[in-house]
Amino acid sequence: MPGFGLSLGFTIFYLGLIVLIPLSAVFLKTFTMTWDAFWMAVTSPRVVASYKLSFGASLIAASINVVFGGIVAWVLVRYKFPGKRFIDALVDLPFALPTAVAGITLTALYSSNGWIGRYLEPLGFKVAFTPVGIVVALTFIGLPFVVRTVQPVLEEAERELEEAAASLGASSLQIFARVVFPTIMPALVTGFALAFARATGEYGSVIFIAGNMPMVSEITPLFIITKLEQYDYAGATAIAVVLLLASFLMLLAINLLQAWTRNRAGKK
Amino acid sequence: MSATVNPPVAVAATAAVPGRRGELPSTSNVFEPPWVRRVLITVALAFLTLFLLVPLVAVFAEAFKKGGQAYLAAITDPDAVSAIKLTLIAAFIAVPLNLVFGVAAAWSIAKFEFRGKSILLTLIDLPFSVSPVISGLIYVLMFGAQGWFGPWLQEHDIKILFAVPGIVLATVFITFPFVARELIPLMQSQGNEEEEAALVLGASGWSTFRRVTLPNIKWGLLYGVILCNARAMGEFGAVSVVSGHIRGETNTMPLQVEILYNEYNFAAAFAIASLLALLALVTLAIKSFIEWRLHESHNVESDARILEH
């Protein structure tokens, strides 16, 4: 086969130029800081509050998506109902819709005179401009991940096992707990991790609905922007390093999870 | 194969082998009682309606709140038009660059065995796992006034940051893995046999690629391009960091949406947002069509294989 040198050479050249060299700038920039200055920058009370908010809200949103995404995947694979193909295509909307559009739309819906907010607010439930709003935005952004990781696993699942369990007298609850759930569990965990990782770095959809109050509703990516606007490049970069390391750890975890999923599938 | 923190991977799985094999021909051997089925369908539909359908309808409802005249005025405003142009320019540069890269990367990874392949795959996925804000920050660190090349650029009067080149670079970075991510699994699943046959029959490397490989990967390629384009036109965070928000000059459509929204000009903000939502809907429609095509060709192929044996 020809073209190995050319294609691999170009791949590595382009990867280096577009991704690796620019990304290394983040780490090299922090090396110009003293350790104390770095530590101060990444542990100030305001930035710690933003970590708690970003990771906490992402955790809640990813958990919501595991429950409902799992149900959506199940319904799309196992049942027939009118409009199914349309619904199936619509699941990818959060991937295709620009985050800024999602952000302003969710804000309009959940603000006090919005379609949804006007019914929630009289009940004493404020969503827009509170951390709850951040969870709503992050749930929207992460929605397709669980569905799209669980769906293929359910499609490939061996129905014979469920049939065998049923013929041996298992109840539908037992079939789910003992046969179906163990099969889709790794996919659920992977989907959760993907949704969580995406949510921690999310910016566009969150800033409109968050209210962006320091210590209360300020996410970490927004805090990086705030630092940049104050021309505190070193401070912004230090926080970026923390966020980058967190996402590299998650990438590693997801890789291991997928290897685990494949191994389990291979053993069968 | 490695994981990514992004859409195309999840869809890649369905793109490569888009079957609906788990689906039953009838519901006769579904074990759960009918009421469970009904409850699950209701819960799923309610969740999707609340989180997807209602927001989608709301974009267009808000855009036309002040009538068709105001809508037309908003999208033909000179600043809006220049934002649309800049968005098209950025996508027009970023998509072809990443298309060429995607094909080259898929060719080297799918057709050859070499050491460090899994590391290369992970590195290609990197831009997916980086926060958009950081994707913008890296270009500030390189080309900003205090950045690596900042002083040199200033001496030579070249503007990258807070100008069109910076926006293009950030867009290229953000959409870097899309085409490669679609093509690698597709080309791996197709193997080398057809290309080897063409080469044995005397075809040159280039014409083998053009006549054999390209027709085999065209739908996957289009799939990657569609997703890459949607992201390129819709990117907000990264572009926001490098743009400088100069009206009529360095505002893309999503940035224009933000500016109008922050000025409480909601109808105009949603008018431009509705154009982006339309782009998303077209993207989803083309994507579904390609999945259907891939599904069909996959079925034809497997039928053909069954006949051969």
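Trainee: How many contacts does the stretch of residues 1-21 of chain B have in the model, beyond near neighbours in sequence?

Mentor: Over residues 1-21 of chain B the pLDDT is below 50. Where pLDDT is low, predicted coordinates should not be read in detail. With that caution, the number of contacts this stretch has beyond near neighbours in sequence is 70.

Trainee: And how many for residues 23-28 of chain B?

Mentor: Residues 23-28 of chain B also have pLDDT below 50. Beyond near neighbours in sequence, their contacts in the model number nine.

Trainee: What share of the residues in chain B reach a pLDDT of 70 or more?

Mentor: For chain B the mean pLDDT is 87. The model itself scores ipTM 0.91 and pTM 0.90. In chain B, the share of residues at 70 or more is 86%.

Trainee: Which element gives the largest share of the largest nonpolar core?

Mentor: That core has 179 residues, and Ile124(B) and Ile134(B) have the most contacts inside it. The largest share is 14 residues, and it comes from helix 4 (residues 78-111) of chain B.

Trainee: Leaving aside neighbours within four places in sequence, which residues are in contact with Ile134(B)?

Mentor: Ile134(B) belongs to the largest nonpolar core. Its partners, once neighbours within four places in sequence are left aside, are Val26(A), Ile224(A), Ala240(A), Leu243(A) and Leu244(A).

Trainee: Is Leu28(A) buried, partly exposed or exposed?

Mentor: Leu28(A) is found in helix 1 (residues 4-31) of chain A. Together with Phe13(A), Leu17(A), Ile21(A), Phe31(A), Trp148(B) and Phe149(B), Leu28(A) makes a nonpolar surface patch of about 740 Å². Buried would need under 20% relative accessible area and exposed over 50%. Leu28(A) has 42% relative accessibility, so it counts as partly exposed.

Trainee: How many helices and strands are there in chain A?

Mentor: Read along the sequence, the pattern of chain A is α-α-α-α-α-α-α-α-α-α-α-α-α. The count is 13 helices and zero strands.

Trainee: What percentage of the residues in chain A are buried?

Mentor: The accessible surface of chain A comes to about 11,200 Å², with 70% of it belonging to carbon and sulfur atoms. Chain A has 268 residues, and the buried percentage is 58%.

Key. Residues are numbered from 1 along each chain as its sequence is written. Chains are lettered from A and ligands numbered from 1 in the order in which they are written. This is a predicted model: local features need pLDDT of at least 70, side-chain atom pairs count only at pLDDT 80 or more; totals for chains, interfaces and linings use all residues. Side-chain values use heavy atoms; hydrogens and water are left out. A nonpolar core is a set of buried Ala, Val, Leu, Ile, Met, Phe, Trp, Tyr and Cys residues joined through side-chain atoms within 4.5 Å. Buried means under 20% relative accessible area, exposed over 50%, partly exposed in between (1.4 Å probe, protein chains only). Helices (H or I, at least four residues) and strands (E, at least two) are DSSP runs, numbered from the N terminus. Contact means heavy atoms within 4.5 Å. pLDDT is the predictor's confidence in each residue, from 0 to 100. Patches are made of residues with over 30% relative accessible area and no salt bridge: like charges are joined within 9 Å, nonpolar side chains (Val, Leu, Ile, Met, Phe, Trp, Tyr) within 5 Å. Accessible areas come from the Shrake-Rupley method with a 1.4 Å probe; for residues, only the protein chains shown count as cover. A salt bridge is a side-chain nitrogen of Lys or Arg within 4 Å of a carboxyl oxygen of Asp or Glu.
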